[in-house]
Structures are given as structure tokens and as C-alpha cells.
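Let's take a friendly walk through this protein together. Please have a look at the sequence and the fold, and then read on.

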Amino acid sequence: MTRQDEATPGQFGEFGGRHVPEVMEEPLDRLTEAYETVARTPEFRAEFRDVLESYAGRPTPLFRAERLSAEYGADVYLKREDLLHGGAHKINNAVGQALLAKKAGKSRLIAETGAGQHGTATAMVGALFDLDTEIYMGKKDANRQRMNVFRMRLMGAEVNEVTRGGAGLADAVDAALEDFAGNVEETHYLVGSAVGPDPFPRMVREFQSVIGEEAREQIREETGGLPDAAVACVGGGSNAIGLFHAFRDDDVTFYGAEGGGEGADSKRHAAPLAKGRADVIHGMRTRVIDDDVEVHSVSAGLDYPGVGPEHAMFRAAGRCEYRGVTDEEALGAFRTLSETEGIIPALESSHAVALAKEIADEHDTIVVNLSGRGDKDVEQAAELFGLDL
């Protein structure tokens, strides 16, 4: 497919761009300049990779899930981002942006978070790089992810529980954007996914592309070739674009698992690619859910009404197939992977594991991005399963 985003930086076909008030243009121009002149130098990249190795725990292994493969009827390989410091892929992007912020002379980080994994990663790098850190989190998400709220505060971050609107991830993004607009001189907004106005989608993709680069090399070493399919969950879409990017010019089929919520005919889901429309949200043109839909997913990290613009372009071009995975299917995969491999996945990642089962009769070799571990979700899952802790 055409590299439309490289021909026009920040534009992904008809999607992406920068749809922001005039007051935001200058700080975004400054960030773009820092990203393009500092973050792409060999020196920065070497330092970034060194921190990922010595602090975050890269490279992560590619694990052939033997018992899961036998159950699904295809060779399923798990890219173990759940083994990273903090328990999720979020640390990759957090390290990159915090390092860039430090070099740009910023003294403060802010971030939005849904499941709390990005907030936790931001708190970690704030402590690591000695940057004041403030996190915005919807009250609804904070209530179901209390452990991550505690972890953020333990590492010195201030956590603001947002009560406006639906008190979810979208509302946390709105609050963080307002903070950024009023404090641009000293503050870097550490966006947690491949969303928002340019340069955030490009920048986050670059910092997360280490996932796919490693997986591509590892699967070739393991099998002598490339997988038939690559699968990842998609909320904003950073873990997915991080996996897909290294394979985008290869004959590898991409599948994105969105939060299908209560099912195909329900008005409670978080699947803008499978069932939404094109519109502008949070500074970008992308796919959003319809106005009559309540944004819902059993996983807080997928509970977002939009998606990264590169995914919207992939859908339009037919490069990736996006399917809604229901709460029930995700919970089933959560339990299956735990029982077959002794690996408790995040509820977000469970959507990808569930989709791998759905496509297993079409592909012989499947790489699934296990984007996070499920420690944060155990209490919620126990309640949903009707079990006592």
C-alpha cells in the first residue's frame, strides 16, 4: 500500500492531521520539531534502546503457546509485552516521550489513562527522569482499577479522578488536553496511544514499533519465515500499530480486536472501526462510534470512542480487518489462556487472544501481541465470574 503518511507527515490518507484550536498550533509545532530533529538522531535512539533494555526489560520473548495452539488448531505465538516493567507495552512509548521531554527542557509530564497501565508507565518514567507527573483518569476507571491508582500515587504522581461526562477515558483525555493548553511552556502531554493531533500518532508508532521489529526477527528465527497473521487488541491502537508496522509490506494479514461490548446488535460497545463512522475527535480525523452508542468495554483500556488515524486508514485500504470481540468472548479467552499456559492476560489483550481463536481455521501461524498482564484485572474478573477472592 502507498506510504501516504510519509508523503504528507501526519496525514494517513483522509485521516489524521491536526484539528486543534489556534492556541495549540505553536506547542505542537515545537513538539514536531523536537521529535523530527532530536528523537530521530542516532544518539537519541541509542539512549532510548538502552533505557528499554536496562530499565524496561526488552527484548521481550516470543512464546509458542503449545497447549493454546493445540486447542485453537493453529500455531499461536505470543509476543510477551506483559513481561515488561509495569506489566504492559505502555512503558515503550512512555520512555521515548519522557526522554524527549527531558531533552526539550520540560519539567512536568501529564497523561490520560484508562486501565491505568499508561498512567503507571508515566509515573514510572516521571520518577526515573525526575519530572513532576500528573495523571487524569475517569472516576469510573479509577474505581475498577484501584491497584493502578495506588501504584501511580506510590511513585509520586498526582492522580486526578475525572467526574465529568461518562467519567471514562475520553473525559480523561479532554481534561488532559485542557491542562496542556494552559501549561505548554513547562509541560509535556505524554499521550498514551497512537491518537491525537500530529505528531502524536507518528511519534507513538515509532516508539512502539520495537514490538514488531523484535517479533519479526524472532518469528523468522523460530520458523524460518513470517506468520500468516498478526493479531492485536485496538483501543487507541498503539500496541497494534507497534506490532503491525514491521510487517506492513509483508504478506501478513492483520487483525484488530476492538471492544465489542455486549454484542453485535448492542448499543454498548467500543468498536469505531467495525461499526462507527468518520469524524473529528481529540484533534484528529478518524473513526468514532455513533452518537447513539454508549462507549463500553469490559476492559478499561479499550473503552474509547475513537481510534488512531493510521488504523482508520488501514481499514479504508483493506490492509487490516477489525472485528468487535464481546465482553463474554474476552472473558472466555482470559480464562482459557490462564488455564492452558499459566499466563493471566490483561482484559485488553484477552480480546486479541479471543480473536486468534476465531481466525485459527484460516491461518496456520498466528502472532498475538500479548500487550499486558492481567494482575490489574483479577478482582474485576473474579466478580464477573462470580468467584470470591
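In this predicted model, D130 sits in the loop that links helix 6 (117–128) to strand 6. Its phi is positive, about 55 degrees, although D130 is not a glycine. Is D130 buried or exposed? Its relative accessibility is 65%, and exposed means over 50%, so D130 counts as exposed.

A167 also has a positive phi of about 55 degrees without being a glycine. You will find A167 in the loop between strand 7 and helix 9. With 10% relative accessibility, A167 counts as buried because the cut-off is under 20%.

Now step into helix 9. Its 14 residues (169–182) should span 20 Å at 1.5 Å a residue, and the C-alpha atoms at its ends are 20 Å apart, so the two values agree. Several of its residues are buried, among them L169, V173, A176 and F180. What covers the buried residues of this helix? The cover includes helix 2 (22–39), strand 5 (108–113) and helix 7 (139–144).

Next, look for the largest nonpolar core, which has 74 residues. I91, L100 and F314 are among those with the most contacts inside this core. Helix 5 (residues 90–103) gives the core its largest share, 7 residues. Beyond its close neighbours in sequence, L100 is in contact with residues including L31, Y35, F44 and M203.

Finally, turn to two prolines. A cis peptide bond runs from R58 to P59, and P59 lies in the loop between helix 3 (42–56) and strand 3 (62–64). Another cis bond joins D198 and P199, with omega about 15 degrees; P199 belongs to the loop between strand 8 and helix 10 (200–208).

Notes: Residues are numbered from 1 along each chain as its sequence is written. This is a predicted model: local features need pLDDT of at least 70, side-chain atom pairs count only at pLDDT 80 or more; totals for chains, interfaces and linings use all residues. Side-chain values use heavy atoms; hydrogens and water are left out. A nonpolar core is a set of buried Ala, Val, Leu, Ile, Met, Phe, Trp, Tyr and Cys residues joined through side-chain atoms within 4.5 Å. Buried means under 20% relative accessible area, exposed over 50%, partly exposed in between (1.4 Å probe, protein chains only). Helices (H or I, at least four residues) and strands (E, at least two) are DSSP runs, numbered from the N terminus. Contact means heavy atoms within 4.5 Å. The expected span of a helix is 1.5 Å times one less than its number of residues. Lists of a residue's contacts leave out its neighbours within four places in sequence.
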